[in-house]
Amino acid sequence: VQSILSLACMHQTHEVVSLLLSKGARDSKLEEHDCFIAAMNRGHDFANLRVLRYLYNAGLESWYRTNDQGGLLHFVMSEFAEGKHIPNIQTTVELVAEHQPDIVTLSDRRGHTPLSLLIEGMYDDVDSDDDETVYTRDRINLAKQLSECERKVRAADRGIRARSLKLGWPV
C-alpha cells in the first residue's frame with residue numbers, strides 16, 4: 001500500500017507534493033519504504049532536491065531502515081557504491097545531515113555508518129579491473145563531506161553529554 005504522497009514523490013512531481021503537504025498529507029508507516037526513498041529511488045535525477053526540501057520543511061523525517069537497519073544515507077551510499085549515477089549526491093547528503101544529523105552516525109547491524117559503507121565500497125572496487133572508478137574526485141569529496149558531518153554530530157553529542165554531566169543529569 002503506497003500513500004498518495006509517496007506516489008507523488010516517486011514521480012518527482014514537486015508541485016503535487018507541495019500541494020499534498022499543504023493539505024496535511026503524511027507518509028504511511030504501512031509502506032515498505034518512506035516517501036524519502038520514493039523521492040530518491042527513481043531514474044530521473046536520483047533525488048529531486050526540491051521534493052526532499054518540501055518533505056523536510058513540512059516537518060517529515062525519514063523512518064526508512066534497510067534490511068541491516070541502516071538509514072536513509074545507508075541507502076544512498078549503497079546505491080552510489082553500486083554505480084548508480086547520483087549527480088547531486090553531495091547536496092543530498094548535506095540536506096539529510098542538516099535535517100536528520102543522527103542518520104549520519106547511525107550504524108547498521110554490521111556496525112557500518114554511511115561513511116564506512118562508502119570507504120568499504122571504495123576498497124571493494126580496488127579488487128576490480130577498472131581502477132579508474134575507485135578513487136574519483138566525487139568519491140573522495142563525498143568521503144570528506146561525510147567525515148566532516150560525522151565529526152560535527154559527534155562533537156555536538158560530546159557537548160550535550162558534558163553539559164548534562166556538569167548539571168548532574170544522567171547521561
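Helices (H or I, at least four residues) and strands (E, at least two) are taken here as DSSP runs, numbered from the N terminus. The structure is a predicted model, in which local features need pLDDT of at least 70, side-chain atom pairs count only at pLDDT 80 or more, and totals for chains, interfaces and linings use all residues. Residues are numbered from 1 along each chain as its sequence is written, and side-chain values use heavy atoms, with hydrogens and water left out.

The chain contains 9 helices and 0 strands. Its pattern along the sequence is α-α-α-α-α-α-α-α-α. Confidence is given as pLDDT, the predictor's score for each residue from 0 to 100. The chain has a mean pLDDT of 79. A value of 70 or more is reached by 82% of its residues. Confidence is highest in helix α2 (residues 14-22), at a mean of 90. It is lowest in helix α8 (residues 114-126), at 74.

Of the 171 residues in the chain, 44% are buried. Buried means under 20% relative accessible area, exposed means over 50%, and partly exposed lies in between (1.4 Å probe, protein chains only). The accessible surface of the chain is about 9800 Å². Carbon and sulfur atoms hold 50% of that surface. These areas come from the Shrake-Rupley method with a 1.4 Å probe; for residues, only the protein chains shown count as cover. A contact is defined by heavy atoms within 4.5 Å. Among contacts in the chain with a separation of 6 or more, 69% join residues 24 or more positions apart.

Helix packing was examined through axes, which are lines fitted to C-alpha atoms, for helices over the stretch in contact; angles run from 0 to 180 degrees between N-to-C directions. Angles under 35 degrees count as roughly parallel, over 145 as roughly antiparallel, 65 to 115 as roughly perpendicular and the rest as oblique. For residue classes, Ala, Val, Leu, Ile, Met, Phe, Trp, Tyr, Cys and Pro count as nonpolar, Asp, Glu, Lys and Arg as charged, and the others, Gly among them, as polar.

The axes of α2 and α4 come within 9 Å and cross at roughly 5°. The two helices are therefore roughly parallel. Helix α2 contributes His-14, Val-17, Ser-18 and Leu-21 to the contact, and α4 contributes Arg-50, Val-51, Tyr-54 and Leu-55. By class, these are 5 nonpolar, 2 polar and 1 charged residues.

Helix α4 (residues 49-57) also meets helix α6 (residues 89-99). Their axes come within 11 Å and cross at roughly 0°. This pair is therefore roughly parallel too. On the α4 side, the contact involves Leu-49, Leu-52, Arg-53, Tyr-56 and Asn-57. On the α6 side are Thr-91, Thr-92, Leu-95, Val-96 and His-99. The contact has 5 nonpolar, 4 polar and 1 charged residues.

Helix α5 (residues 72-81) is largely enclosed by the rest of the structure, because 8 of its 10 residues are buried. The buried residues are Leu-72, Leu-73, His-74, Phe-75, Val-76, Met-77, Glu-79 and Phe-80. The axes of α5 and α6 come within 11 Å and cross at roughly 170°. These helices are therefore roughly antiparallel. Leu-72, Leu-73, Val-76, Met-77 and Phe-80 of α5 make the contact with Ile-89, Val-93 and Val-96 of α6. This contact has 8 nonpolar residues, no polar and no charged. Just after α5, Gly-83 adopts a positive phi of about 95°.

Two further residues illustrate pairs separated in sequence. Gln-69 sits in the loop between α4 and α5. Its relative accessibility is 34%, so Gln-69 counts as partly exposed. Gln-69 and Arg-109 are 40 residues apart along the chain, with their C-alpha atoms separated by 6.0 Å. Leaving aside residues up to four places away in sequence, Gln-69 touches Leu-106, Ser-107, Asp-108 and Arg-109. Ile-119 lies in helix α8. Ile-119 is partly exposed, with a relative accessible area of 34%. Ile-119 and Ala-81 are 38 residues apart in sequence and 9.4 Å apart in space, C-alpha to C-alpha.
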